[in-house]
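Subject: Structure for you, with notes on the interface

Hello,

Here is the structure I promised. My notes follow below it.

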Number of protein chains: 2
Amino acid sequence: MTRISILGAGSWGTALAVQLAKKHPITLWEFDPTQVEAIRKDRENRKFLPGVPLPYNVTIFNTMEDVIPHAEVLIFAVPSRFLSATAQQAGKFDLSGKHLVSLVKGLEKGTHRRMTELIAAASARYASLSALSGPSHAEEVAQNIPTAVILASADSGAEPLIEDLSTDTFRLYFSSDTAGVELCAAVKNVIAIAAGICDGLGLGANTKSALLTRGMEEIRRLIAVMGADERTVSGLSGIGDLITTCISGHSRNRHVGEELGRGRNLPDILGSMVMVAEGVDASSAVLELSRAKNIEMPITEAVCRVLFEGSVPAEEVKRLMSRPYKREFE
Amino acid sequence: MTRISILGAGSWGTALAVQLAKKHPITLWEFDPTQVEAIRKDRENRKFLPGVPLPYNVTIFNTMEDVIPHAEVLIFAVPSRFLSATAQQAGKFDLSGKHLVSLVKGLEKGTHRRMTELIAAASARYASLSALSGPSHAEEVAQNIPTAVILASADSGAEPLIEDLSTDTFRLYFSSDTAGVELCAAVKNVIAIAAGICDGLGLGANTKSALLTRGMEEIRRLIAVMGADERTVSGLSGIGDLITTCISGHSRNRHVGEELGRGRNLPDILGSMVMVAEGVDASSAVLELSRAKNIEMPITEAVCRVLFEGSVPAEEVKRLMSRPYKREFE
């Protein structure tokens with residue numbers, strides 16, 4: 001038994017709490033006091049994970065004092081735009097001896113810092129720092145549908161966590177390529193928007209598969225330039241996560257793309273969503289990074305043109321199909 | 001304009017004929033005279049590609065004399081079990097100066113020869129020999145849904161074909177890794193059966209994505225041992241083709257898996273299908289090869305146990321989830 005605390009009671013934080021409560025006592029921190037009250041009263045997160053009862057050994061608090069000091073494993077599960085502030089607040093506690101894990105997917109605009117880099121910057125000392133990523137829609141994890149993910153850390157002290165955080169229906173693999181795993185996690189959401197656009201346009205499986213594959217090739221080029229392990233892109237946190245995003249009805253990024261493909265505009269789509277579509281913020285950060293590093297990322301560019309410049313999706317597909325003939329890998 | 005002949009009027013051969021007829025005159029050879037008559041009369045392949053009219057410049061014959069001598073590009077599109085015989089028959093003609101292309105997916109049982117190896121063995125001389133593979137369901141190619149595939153050849157003389165065989169909705173990339181592309185094409189059908197089993201069991205997107213990703217890792221290990229380019233597995237002929245197989249309703253291999261997952265047995269399933277599920281034959285050939293080369297392929301093994309030994313699919317999923325904890329890539 002390990003004392004685990006999770007910061008952020010969104011759908012993924014809550015689902016992981018439910019899953020890990022099979023083996024460990026969990027404390028969950030949520031910044032919104034109204035949500036904390038509602039979850040306490042209902043024993044269910046009706047806003048972000050409806051229909052899933054919270055096990056008895058999951059306790060939810062509004063104050064970090066109640067969740068951080070006793071934790072052996074501290075998991076960050078807030079939206080990317082709140083991570084820096086949350087990490088700074090958590091960093092005021094003594095985190096030495098604690099294993100920190102990030103579930104957050106994104107890339108900071110302007111600085112292009114990865115999510116664990118934000119956490120590291122805010123924390124003086126800790127036992128290990130990892131990123132957890134992979135094909136893991138929260139709704140399915142909460143329903144005990146078999147799921148496999150990656151825990152990536154440069155700290156070898158994090159490796160035993162893969163057994164500790166695994167259950168009979170949730171299996172972790174270890175990777176030492178944190179940068180690769182986090183870059184995949186951020187960029188795959190951009191490609192998921194592109195896949196959604198295909199769906200919205202009524203295109204078929206051939207087009208979507210080609211787009212995902214060429215999208216992964218963009219991520220591979222990015223990863224290579226950033227000095228990470230190119231193989232990561234073909235693993236669970238790369239293509240694995242992208243596939244689940246694209247075949248599942250649960251993905252918010254795919255949903256954004258689908259609505260764009262149908263002709264709706266971005267403010268209208270985002271205005272009607274409860275949850276965050278991380279790919280929208282990630283798109284512009286990834287585009288910035290690709291330009292700074294001079295990496296060819298035609299699909300990311302097309303997604304940004306559709307998202308932010310009102311470009312017509314069908315024209316972008318034609319443009320991608322008529323690029324110069326070339327070899328698959330350069 | 002290039003004179004193109006296609007051997008085999010199954011769904012893929014017919015769809016490619018329809019697509020390439022936008023740019024080139026096509027002759028199509030089919031071994032079954034009844035089918036030749038029916039297609040001539042209907043100007044449509046009602047058995048394998050119903051609903052798609054044949055363009056005026058596609059001509060179908062029952063005799064190789066009518067299609068091979070004038071061809072500049074000769075495309076093999078028969079089921080894998082008939083390829084050797086077809087190639088031997090074609091090899092009696094003078095093929096010097098002709099570009100040979102294989103659309104066939106499989107691995108010969110016993111010898112583990114790849115499809116282009118069967119063609120090479122039967123042909124004395126030719127200008128180039130390539131394998132064409134990737135996410136290309138025939139039904140969608142025939143409907144002009146944008147599609148991207150790989151043309152792989154050790155002969156650099158084949159590279160200009162990528163422009164010649166591309167159209168506005170069908171785009172080729174070049175690869176020099178023929179072995180990698182053909183091994184991917186054969187093994188991905190085995191993994192597609194596994195994905196179908198997931199569907200038949202009612203499992204979700206997380207499980208299927210994990211299975212596809214870990215399946216690709218098996219293929220990567222196989223490709224590495226066979227001396228091919230590991231990157232190919234993350235390209236169009238690897239994960240790309242696998243994704244389309246797994247998200248499309250058209251895949252026969254996925255269909256076989258789905259019915260197995262629902263509890264039907266193999267002879268019963270195969271007995272009710274018109275088209276060939278190449279993954280069934282490929283499964284045992286791949287298993288043989290993995291044992292001969294001592295490569296760990298747990299998903300392929302599980303598929304073979306379900307296919308040929310009556311193992312219970314749900315038990316195989318449990319078994320895969322409870323393997324020892326490990327790193328993602330070894």
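How much area is buried between chain A and chain B, and what percentage do carbon and sulfur atoms give? About 5,000 Å² is buried, and carbon and sulfur atoms give 61% of that area. On the chain A side, A:R171, A:N206 and A:Y325 lose the most area to chain B. Together they make up 16% of what that side buries. Please keep in mind that this is a predicted model.

Contacts next. Chain A puts 57 residues in contact with 57 residues of chain B. Between the chains, 26 residue pairs are in polar contact. Several elements of chain A give two or more residues to the side touching chain B, among them β7 (147-153), β8 (170-175), α8 (205-225) and α9 (236-247). The largest share comes from α8(A), with ten residues. By type, that side of chain A divides into 25 nonpolar, 18 polar and 14 charged residues.

Salt bridges: two are found across the interface of chain A and chain B. One joins the side chains of A:E159 and B:R327, at 2.8 Å from N to O.

Best wishes

How values were computed. Residues numbered from 1 in each chain as written. Chains lettered and ligands numbered in written order. Predicted model: local features only at pLDDT ≥ 70, side-chain atom pairs only at ≥ 80, totals over all residues. Heavy atoms only, no water. Contact = heavy atoms within 4.5 Å. Buried area = accessible area lost by both parts, 1.4 Å probe. Salt bridge = Lys/Arg side-chain N within 4 Å of Asp/Glu carboxyl O. Polar contact = N/O pair within 3.5 Å; in protein donor to acceptor, adjacent residues only side chain to side chain. Helix = DSSP H or I, 4+ residues; strand = E, 2+ residues; numbered from the N terminus. Nonpolar A, V, L, I, M, F, W, Y, C, P; charged D, E, K, R; others polar.
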